Amino acid sequence: MSLPLKAKVAVRDTWSKDDAPVQKAMAQVQQVLGLQVSCEPDWALLIAELDETYPDRAILVTIVSSLVQTWNESMVGLLDGAAPEEWTETLLEKLKDSYSELRLFLDIGRGDIPSTSWDASRGGFTIYVPKEAIRDARESSAVFTGQILAAFEERKEPAPSQSVAQLPDYDEWASVDASTMNVVVGKPKAPDAPRTQPASPPTVQYLPSVDTMARPDDLLRKPPYYLLVSAQGAQNIEVQCSHSPTLEVMHAYLKKWVRTNNNDTTRPPILTLKLHQSNFGLGVVYDRLTIANESRYNGHISVSPTLVLNMVESQLGYERVFCDSFCWHFRRDVPFK
């Protein structure tokens, strides 16, 4: 299967180049371990499985490359002295079956965080890329360290013939947050006390790489959504919103119900409704809607924000977070279905 052009360019720039960070990380493991490190991702399979998670193929390739880089950096930390001597000896013994080569394989995991395990049937480590989007691969460092360290403990291994859909559910690790990982023994820490409230969203621990961040048009499809209504005098209202479909619905509704100007023989709408395209991203993305009385013959007509405010709260489900005499701020944290 031929890769899309954008994916080919990303593979060339972020994976294949000798000076790519992932290649440098694998070379560092090879230098410390004294054995060849090999990893040949099946990009066609990864794109097919993660296409909905990462519509931008370049970001998908960058994320996968960053995960492999983070895994190798975690391995270097262990080989440099963080791991017990017995573990290192076990690793070298295991690698004899793979002709003294450290093999890395990529597959799709069933959890919502990256994970890794030793695959005895293939004589190497498998790195599982989650179906859920991840912000920064470096946040997986502690998880990788713990799981690599615990890789040779006795537990059920995936069968050689299992497909992606049949992979075992690594529940032992799938719900473990990196901040709760004990990297010395490679197992989750015991919680201090049972939680009575839902866990808060994970905080961003690292500044993301520009290359792994979603395009603006993809980023703005996800909550939180922000909406600002401002009254600019008596004849102009501006609605700014980070969620383009919200503005499109508002524009269509107001256009349907706006009155006509009976004083003009062409009977145009009495108000001018206009969607404004965003200056960022690709494709058609709107970030402003203006409602104005632009006719010089209708100076007596004012534009009231009350219908807009009612629609935002009662029909679109946004919650008001701030207001003054001329500006109203809203936010919605639940995504639209």
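**A nonpolar patch and its surroundings**

Author: Happy to. Tyr253, Trp257 and Leu307 together make a nonpolar surface patch of about 340 Å². A patch here takes residues with over 30% relative accessible area and no salt bridge, joining nonpolar side chains (Val, Leu, Ile, Met, Phe, Trp, Tyr) within 5 Å and like charges within 9 Å. Areas come from the Shrake-Rupley method with a 1.4 Å probe, and for residues only the protein chains shown count as cover.

Please keep in mind that this is a predicted model, in which local features need pLDDT of at least 70, side-chain atom pairs count only at pLDDT 80 or more, and totals for chains, interfaces and linings use all residues. Residues are numbered from 1 along each chain as its sequence is written, and side-chain values use heavy atoms, with hydrogens and water left out.

Trp257 belongs to helix 9, residues 244-257. The chain has 10 helices and 12 strands, which are DSSP runs numbered from the N terminus (helices H or I, at least four residues; strands E, at least two).

The accessible surface of the chain is about 19,600 Å², and carbon and sulfur atoms hold 52% of that.

Now to charged side chains. The chain has 12 salt bridges, each a side-chain nitrogen of Lys or Arg within 4 Å of a carboxyl oxygen of Asp or Glu. One of them pairs Asp136 with Arg138, with the closest N and O atoms 2.7 Å apart. Asp136 is buried at 8% relative accessibility, whereas Arg138 is partly exposed at 37%. Another salt bridge links Arg320 and Glu313, at 3.8 Å between the closest N and O atoms. Both ends are partly exposed, Arg320 at 46% and Glu313 at 36%.

Last, the cysteines. A search of the whole structure turns up zero disulfides, a disulfide being a pair of cysteine sulfur atoms within 2.5 Å. For Cys327, the closest cysteine sulfur is in Cys323, 9.3 Å away, so the two are too far apart for a bond. Cys327 is buried, with a relative accessible area of 17%, and Cys241 is buried at 4%.

Note on methods. Buried means under 20% relative accessible area, exposed over 50%, partly exposed in between (1.4 Å probe, protein chains only).
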